[in-house]
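Have the picture open while you read.

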Amino acid sequence: MPESHVVISGASIAGLSAAFWLRRAGWRVTVIERANAFRDGGQNVDVRGIAREVLTRMGLFDAVKAQNTTEMGTVLVTSTGKVRAELPFGGEDGATAELEVLRGDFARTILDHLPDGVEFIYGDTIAEVSDVFDAVDISTVGGLSLRADLLVIAEGVRSATRDRLFGDVVDQKELGVNMVFGTIPRTPTDDNRWRWYNAIGGRQIHLRPDNYGTIRAILAYSRGEDLKGLDRAGALSVVRARYQNAGWEASRILDAFDTSDDVYIDQLTQVRMSTWHRGRVVMAGDAGWCVTPMGGGGASLALTSGYVLAAYLSTNPHDLETALTSYEKWLRPLVDDVQSLPRGLQYFAYPQTRLGLAARGVVDKVIASRLFRPIAAKLTRVAETKQVLPALRDADE
Ligand SMILES: Cc1cc2nc3c(=O)[nH]c(=O)nc-3n(C[C@H](O)[C@H](O)[C@H](O)COP(=O)(O)OP(=O)(O)OC[C@H]3O[C@@H](n4cnc5c(N)ncnc54)[C@H](O)[C@@H]3O)c2cc1C
């Protein structure tokens, strides 16, 4: 019997996990990535819940752990940098998880351990897709024509192919939070903890150590103005105005962002789709259900999706519809769980007024207290499920 052929668009956590597992299940795998080469870089992500089991089944738990960002706990600080509360740390959960890794390191670890034979096309994107009766025909902007049995869209939150093929069933919900990420030089004032500062006006500042001797900085603020369409300098000047008098390390970070080569500016958008598959096309990772850092667990869900998809395809080799429906049925409760953000979370996470900030301070103290530590640890649990991972039929078995 000829190998089934899958084309996967997007070579990050979801796409590479799907490539890993579908190749193991005996598929011919072609990955198309828009960037000209594998994309390193990116911010801290964590691996939690059922994704830890997927990583173990890949044989990559220790390899990912070895890439740890070196972060040792999370503290909330005042405008002078004094610690006002320390969040629980140690074990699988907590704000700083056992497996904290940079997105690029995580994806590269999967890339480096892919089974032989996965084909890559870099610097190209899908131009047209026609889903015919027994195949999906794909043409690329670069002029390639590919015929496959399945197309997996794993292009992340701003997926263009998703918008083209599933536009009528995609709801993109703006959460009203702007985020600026970047890598900045480490200074003697930095330590190995995630330091988190809230200022009135709904402004957050985060500094997190990485395993490269630099610091990953994030400015996140609510009720942000629309930055779409602005160039980097224009957007940074809007953010600078917003962070005037914010205190703590705001000026240092903004000065460093002016020259940092990896500044990334985005607005938090939840992606909700009423279906993740149609015919021979299926979604994986953020493209299908971006949960945003506000919900958490995006990397864990992206990794898990690749396994679950391949597992159902391996056990339903002649029934694509059943395989894709089962994949969606298994994964959807995990996504729904993270996407249903608690009412008031945004006011708690981004206090606007002095009163709101003071109330937040009280809650932080309670959460950090010894008595409430087990509950606080539970708050960071994502990708938790009582469902058992479906079995995957390995082509070599
Ligand atoms: C600041 C920050 C902190 C985060 N923290 C956490 C965390 O602590 N825990 C957690 O689990 N998650 C976290 N996340 C989320 C996590 O990074 C994502 O959920 C995860 O990377 C999603 O993986 P993905 O493969 O679906 O998409 P992405 O990682 O977005 O990758 C998409 C890939 O597709 C490529 N692509 C895009 N368009 C096309 C196209 N048209 N054709 C071909 N290729 C294309 C892109 O170049 C990229 O390689 C965080 C995210 C951010 C921004």
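A crossing of two helices is called left-handed if the near helix is turned anticlockwise from the far one by less than a right angle, and right-handed if clockwise. Before we use that, a word on what you're looking at: this is a predicted model, where local features need pLDDT of at least 70, side-chain atom pairs count only at pLDDT 80 or more, and totals for chains, interfaces and linings use all residues. Residues are numbered from 1 along each chain as its sequence is written, and side-chain values use heavy atoms, with hydrogens and water left out.

Start with helix H1 (residues 13-24) and helix H4 (residues 103-112), whose axes come within 9 Å and cross at roughly 15°. Helices here are DSSP runs of H or I with at least four residues, numbered from the N terminus. Their axes are lines fitted to C-alpha atoms over the stretch in contact, and angles run from 0 to 180 degrees between N-to-C directions. Angles under 35 degrees count as roughly parallel, over 145 as roughly antiparallel, 65 to 115 as roughly perpendicular and the rest as oblique. H1 and H4 are therefore roughly parallel to each other, and their crossing is left-handed.

Which residues do the touching? From H1, Ile-13, Leu-16, Ser-17 and Phe-20 meet a set in H4 that includes Phe-106 and Ile-110; contact means heavy atoms within 4.5 Å.

Next, find helix H2 (residues 50-58) and helix H10 (residues 298-315), which pack at about 50° with axes 9 Å apart. H2 and H10 are therefore oblique to each other, and this crossing is left-handed too. Among the residues of H2 that take part are Val-54 and Leu-55, while H10 brings Ser-300, Leu-303, Thr-304 and Tyr-307.

Stay with H10, because its angle to H11 makes the two roughly antiparallel: the axes of H10 and helix H11 (residues 320-339) come within 8 Å and cross at roughly 155°. Here H10 passes H11 in a right-handed crossing. Thr-304 turns up again on the H10 side, and Trp-330 is one of the H11 residues in the contact.

Finally, look for the ligand. There are 28 residues around the ligand, and Ser-12, Glu-33, Asp-46, Asp-286 and Ala-299 come nearest; a residue is near if one of its heavy atoms lies within 4 Å. An N or O atom in the side chain of Ser-12 is 2.7 Å from an oxygen atom of the ligand. Backbone N or O atoms also take part: one from Arg-34 lies 3.1 Å from a ligand nitrogen atom, and one from Asn-44 lies 3.0 Å from a ligand nitrogen atom.

Methods. Polar contact = N/O pair within 3.5 Å; in protein donor to acceptor, adjacent residues only side chain to side chain.
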